Amino acid sequence: MPVNGNRGRGRLRTEGGLALLLLAATGLSAGLPPLLLPLAASAQTLGTPAPLDLPLQSLQPQQGGAAGTRVQDLLTPQRPVARPGEATESEGGAIAAGPLGDRDRQGGPATAVFGASLFTGQPTTTSDAPNPSYILAPGDRVSVRVWGGVEAETVAVVDPDGNLFLPQIGPIRLAGARAGDLQRIVENEVRRIYTSQVQVYAVLLSTHRIGVYVTGFVRRPGRYGGAASDSVLDFLVRSGGVDPGRGSFRDITVQRNGRAVTTIDLYGFLLNGRLPPISLQEGDTILVNRQRAMVGADGAVRNNFLFEVSGRGQVGRELLDLARPLPAATNAIVRGTRGGAPYSRYATLTELASVALQDQDTVTFITDAPAQTVRVMVEGSRIGPSVLVADRDIRLCQLLDHIAVDPGLADTRSVFLLRPRLAEQQRRSINEALDRLERQLFLAVSATTGVAEIRASEAQLVASYIQRGRRTRPDGRLVVTDRQGRCADIRMEEGDTVVIPELSSTVLVAGEVATPQAVVWRPNMSISDYINAVGGYSSRGTASQLMIRHANGEIELDPRNPPRAGDELIALPRLDPKVFQITRDVLGLFAQVASSAATALYLTR
């Protein structure tokens with residue numbers, strides 16, 4: 001149930017307070033020379049911003065219809081809630097991430113031709129042991145042994161008529177038979193003569209040698225020798241393979257006596273492991289024809305290659321089968337040339353299936369749909385999971401309704417957010433402010449020689465602190481609770497971290513005091529009591545220069561109320577701003593940095 005929060009107002013201090021705000025947040029205040037520390041007395045109130053109404057809401061109606069929603073009322077055991085969510089703008093542009101198993105893939109258009117890796121290795125040597133599917137032919141050497149009732153052994157060559165002659169047996173027809181069937185054929189013929197107590201062993205020792213011409217668009221055309229059992233792929237490898245820039249992987253013909261015997265499409269072998277069953281003969285020619293149209297696929301696909309289409313062009317459906325887009329791919333960008341002019345089209349994958357693709361087109365598959373959920377981490381004093389996944393339009397007050405805590409351990413009044421996007425903005429703002437400070441330090445004009453010497457010494461000193469400032473890594477802290485413990489109704493973002501501090505019973509007193517240390521918090525203690533508990537102020541401390549940093553990250557300058565348990569009470573050093581000429585300029589620039597290093601929502605009354 002939406003309820004209205006109280007009107008909030010915030011106070012901003014000038015150079016002195018904001019500079020110390022940055023230094024305290026980044027840890028640069030320790031050991032800082034006096035010239036960089038501001039006087040609290042010089043801090044002026046810049047003004048009060050216009051009242052701001054921030055509606056606070058949770059998923060469940062609040063008991064009693066209170067006028068404000070406290071964080072401790074929202075942090076309850078999880079309750080299942082069904083919400084349809086709302087459509088909001090995309091927080092990021094389209095992405096084209098590769099598959100999980102290929103994280104090293106370089107982005108950009110595809111450059112490798114599909115199938116070219118077949119010919120990147122060294123040519124294989126001819127094996128004397130052909131595979132069982134080899135078809136026997138004249139010239140093959142066969143060994144036959146017979147033992148038992150009769151003893152015989154012979155090594156013979158299949159004659160030009162395709163027969164193998166065995167003494168006392170006669171000719172056996174072998175040409176055209178598979179090498180795997182040789183044992184069965186010879187054994188049957190021997191047992192036809194010797195009917196019992198005879199064992200037979202037959203093996204193909206080697207195939208005859210042939211010469212085959214490989215020509216067309218290959219790297220090294222010529223005549224290559226090999227065994228009759230070698231495949232077309234073996235001879236292509238010996239010739240260096242298909243030229244990926246000119247030759248076709250899908251139109252390879254085998255010619256015999258001037259006529260085409262078969263046509264081979266290597267995509268069948270690459271995708272399904274199939275090659276046409278053909279036995280090469282002496283004088284055959286393998287011709288690699290010219291390359292057909294090429295279409296590239298890149299982005300969110302498994303196969304990031306240049307594909308050769310089966311004809312002059314293809315529809316997107318064929319490319320989808322070859323490239324295999326990832327499940328995250330939702331859209332595609334087609335780029336190419338039509339009629340001599342650049343061409344581009346944006347389509348969903350369903351629309352791409354019917355798009356006509358032409359030679360030299362490139363298709364980039366992308367994920368161009370906003371995420372419907374956000375992932376939020378939970379740290380600190382919590383009960384339950386540390387990661388929550390919610391609708392992308394969920395608000396902080398709604399999310400807190402799903403986080404369970406132990407009220408005796410969690411400081412629910414001090415919840416804050418860590419936002420990566422905000423941390424990056426803070427880092428950029430700090431670097432820009434430090435760049436301006438460097439320019440002002442080294443380009444300032446001095447009226448006299450004495451002032452120039454002072455500025456030179458200041459510049460060297462400040463430059464070292466500028467280097468320390470550049471090493472600052474902001475955490476993107478966002479103050480989201482006011483001093484009454486009410487949460488700001490802001491929308492959650494991907495990667496946000498909700499931090500719930502532990503309850504503390506101490507107050508850390510630091511800065512310009514005699515003995516900085518933690519003091520046990522008591523409800524009746526004032527600011528002076530805490531200062532006295534650590535031995536009072538140091539020589540540079542003063543009661544007019546104090547700062548409280550609350551557990552939720554909120555900074556309170558010149559506080560009027562004592563600190564709460566878990567807060568830090570910091571005594572800032574006293575400084576005469578007239579010591580050096582450049583001090584005011586330095587403080588002004590640090591004030592700009594401070595506004596980037598700490599972001600807060602002040603919802604005080």
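A residue is called buried here when its relative accessible area is under 20%, exposed when that area is over 50%, and partly exposed in between, as computed with a 1.4 Å probe on protein chains only. At 0% relative accessibility, phenylalanine 307 therefore counts as buried. The model is predicted, and local features need pLDDT of at least 70, side-chain atom pairs count only at pLDDT 80 or more, and totals for chains, interfaces and linings use all residues. Residues are numbered from 1 along each chain as its sequence is written, and side-chain values use heavy atoms, with hydrogens and water left out.

Phenylalanine 307 belongs to an aromatic cluster in which ring pairs link Phe114, Tyr267, Phe305 and Phe307. Rings of Phe, Tyr and Trp (for Trp, the six-membered ring) pair if their centres lie within 6.5 Å, and planes under 30 degrees apart count as stacked, over 60 as edge-to-face and the rest as tilted.

| Pair | Centre to centre | Angle between planes | Class |
|---|---|---|---|
| Phe114 and Tyr267 | 5.1 Å | 90 degrees | edge-to-face |
| Phe114 and Phe307 | 5.2 Å | 45 degrees | tilted |

Phenylalanine 114 lies in the loop between α2 (71-74) and β3 (141-148) and tyrosine 267 in helix α5 (residues 266-272), so their pair ties together parts that are 153 residues apart in sequence. Helices (H or I, at least four residues) and strands (E, at least two) are DSSP runs, numbered from the N terminus. Phenylalanine 114 is buried, with a relative accessible area of 9%, and tyrosine 267 also counts as buried, at 2% relative accessibility. Because phenylalanine 307 lies in strand β14, its pair with phenylalanine 114 ties together parts that are 193 residues apart in sequence.

Strand β14 is part of an open sheet of five strands, in the order β14-β13-β19-β16-β17, with mixed pairing; two strands pair if DSSP finds at least two bridges between them. At the edges stand β14 (306-308) and β17 (341-348), each with a single partner strand, so one side of each is left without a neighbour in the sheet. Neighbouring strands of this sheet are turned by 20 degrees against each other on average, direction ignored. Strand β13 (residues 294-299) pairs with β14 in the antiparallel sense over three bridges, and valine 295 stands opposite phenylalanine 307 in β14. Helix α6 (residues 316-323) packs on the sheet, touching β13, β14 and β19 (361-366), and its direction makes about 60 degrees with that of β19. Contact means heavy atoms within 4.5 Å, while axes are lines fitted to C-alpha atoms, for helices over the stretch in contact, and angles run from 0 to 180 degrees between N-to-C directions.

The largest nonpolar core has 70 residues, and those with the most contacts inside it are Val144, Leu174, Val186, Leu236, Ile286, Val363 and Phe365. Such a core is a set of buried Ala, Val, Leu, Ile, Met, Phe, Trp, Tyr and Cys residues joined through side-chain atoms within 4.5 Å. Its largest share, five residues, comes from helix α4 (residues 232-238). Apart from this core lies another, of 24 residues, among them Val376, Cys397, Leu400 and Leu478. Not counting residues up to four places away in sequence, isoleucine 286 touches residues including Val232, Phe235, Leu236 and Ile252.

In turn, isoleucine 252 has isoleucine 264 in β11 as its bridge partner. Five bridges join strand β10 (residues 247-256) to strand β11 (residues 259-264), and the two run antiparallel. They form a hairpin with two residues between them, and asparagine 257 in the turn has a positive phi of about 55 degrees.
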